[in-house]
Amino acid sequence: MKNVRQKIAIAFSVLAIVTLTACERPPVESKQTGYRGTGMDQINNPRTQEQLAKINEMPAGVPASPDGPKAGAVYKNVKVLNNLSTAQFGAFMVSMTSWVAPKEGCSYCHNVQNFADDSLYTKTVARRMIQMNQQINSNWTDHVKQTGVTCYTCHRGNNIPQNVWFNPEEKRGGNMLGNANGQNNPVDTVAYSSLPNQPFASYLMEKSGPARVIGDTALPTGNKASIQSTENVYGMMTHMSHSLGVNCTYCHNSRAFSSWEQSTPQRVQAWYGIQMLKDVNTNFLTSLDGVFPPNRLGPTGDVAKANCATCHQGVNKPLLGQSMLKDYPYLAPNRDMPKDSTHSAAK
């Protein structure tokens with residue numbers, strides 16, 4: 001009998017250890033972000049913060065003088081940034097190569113025998129992505145503020161940003177079981193939850209609807225939101241929380257999730273972020289459908305698209321809020337930038 005009890009105790013101990021492996025060990029840090037007693041706080045793990053700081057280190061900028069002959073007058077077939085000086089243009093090409101194709105070098109986008117040649121699809125894509133950067137920095141300051149973005153914000157030394165999404169391939173379990181809607185297949189995009197793991201098409205494309213399912217009354221008086229649409233919303237919200245490394249209370253007061261009056265200012269900025277992603281995905285990325293080769297397309301033949309994690313990569317401010325635009329002011333052509341173009345990666 002004693003041996004049986006010992007075995008049961010050991011089994012429970014092992015189960016407890018296995019269960020706790022999913023938890024973070026203390027200490028953790030907590031910061032109150034709202035009125036006392038409302039549970040509005042942000043919890044961070046210092047060890048995780050150290051890792052994220054390394055991931056979000058900013059590369060050194062390459063400032064260049066705007067004086068001298070223009071790139072469009074010196075080089076052939078410069079369709080974007082042709083108003084830059086040759087010094088600025090050369091500095092940006094060097095920087096862009098290190099951000100997107102550090103291993104491949106110039107040949108990733110260019111025919112090195114004839115730099116004016118447009119035969120490589122990557123050159124067409126690069127032009128459009130420069131325009132996308134300019135659009136974000138000039139017209140979406142309600143989200144990116146004065147910090148802005150560059151190619152590095154998303155790419156971080158990769159040809160394709162590590163955090164992108166494609167339209168999911170519909171998987172059915174037979175006519176009786178229907179469409180699984182990406183549920184019970186935990187992946188990083190939704191913090192390994194059992195929620196739908198590809199909710200992005202519902203909210204991050206131009207014609208998609210708002211992420212809104214909560215009714216205005218306690219009783220069912222006209223709210224037609226289905227369980228599936230509710231799970232999609234929570235999948236999207238979980239993605240946003242995980243992508244920014246924050247709690248739900250970073251934007252919401254959890255006693256009234258739907259109330260804008262009781263939400264933090266960050267909720268407004270997040271709303272603008274959703275609208276920005278609709279613009280980016282619809283007018284820039286999917287407009288390149290016929291440009292990318294098959295090996296760059298998703299299972300349904302669509303191009304890679306952006307979500308919150310594409311830029312944020314685990315922190316509430318990409319690159320911890322550091323701006324690279326001082327060295328690359330031409331990526332924000334309709335904004336007044338500081339005249340001082342010097343900075344270091346340590347800032």
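A disulfide here is a pair of cysteine sulfur atoms within 2.5 Å.

Before moving on, a word on the model. It is predicted, so local features need pLDDT of at least 70 and side-chain atom pairs count only at pLDDT 80 or more, while totals for chains, interfaces and linings use all residues. Residues are numbered from 1 along each chain as its sequence is written, and side-chain values use heavy atoms, leaving out hydrogens and water.

**Stop 1: the cysteines**

Stay on cysteine 311 for a moment: its relative accessibility is 19%, which counts as buried (under 20% relative accessible area, with exposed over 50% and partly exposed in between, using a 1.4 Å probe and protein chains only). Searching the whole structure gives zero disulfides. Cysteine 251 is likewise in no disulfide, and its nearest cysteine sulfur, in cysteine 248, is 9.2 Å away.

Now select cysteine 251, in the loop between helix H8 (227-244) and helix H9 (265-285). Helices are DSSP runs of H or I with at least four residues, numbered from the N terminus. Cysteine 251 is buried, at 13% relative accessible area. Beyond its neighbours within four places in sequence, cysteine 251 is in contact with Ser263, Thr264, Gln266, Arg267 and Ala270 (contact means heavy atoms within 4.5 Å).

**Stop 2: the nonpolar cores**

Next, select Met132, Ile136, Leu204, Met236 and Val280, the residues with the most contacts inside the largest nonpolar core, which has 32 residues. Such a core is a set of buried Ala, Val, Leu, Ile, Met, Phe, Trp, Tyr and Cys residues joined through side-chain atoms within 4.5 Å. Helix H5 (121-139), H8 and H9 each supply at least two residues of this core, and H9 gives the most, with seven. Zoom in on methionine 132: leaving aside neighbours within four places in sequence, methionine 132 touches Val280, Phe284 and Leu285.

For a second, separate core of 25 residues, select Phe89, Cys109, Tyr330 and Leu331, which are among its members.

**Stop 3: the lining residues**

Finally, select Thr147, Gly148, Val149, Thr150, Thr153, Pro318, Leu319, Gln322, Ser323 and Met324. What do these residues line? They surround the largest cavity, a set of points on a 1 Å grid over the protein atoms alone where a 1.4 Å probe fits but cannot get out, with lining residues having an atom within 4 Å of a point. The lining divides into four nonpolar, six polar and no charged residues.

Notes
On a 1 Å grid over the protein atoms alone, a cavity is a set of points where a 1.4 Å probe fits but cannot get out, and a pocket is an open set with protein on both sides within 12 Å along at least five of seven lines; lining residues have an atom within 4 Å of a point. Ala, Val, Leu, Ile, Met, Phe, Trp, Tyr, Cys and Pro count as nonpolar, Asp, Glu, Lys and Arg as charged, and the others, Gly among them, as polar.
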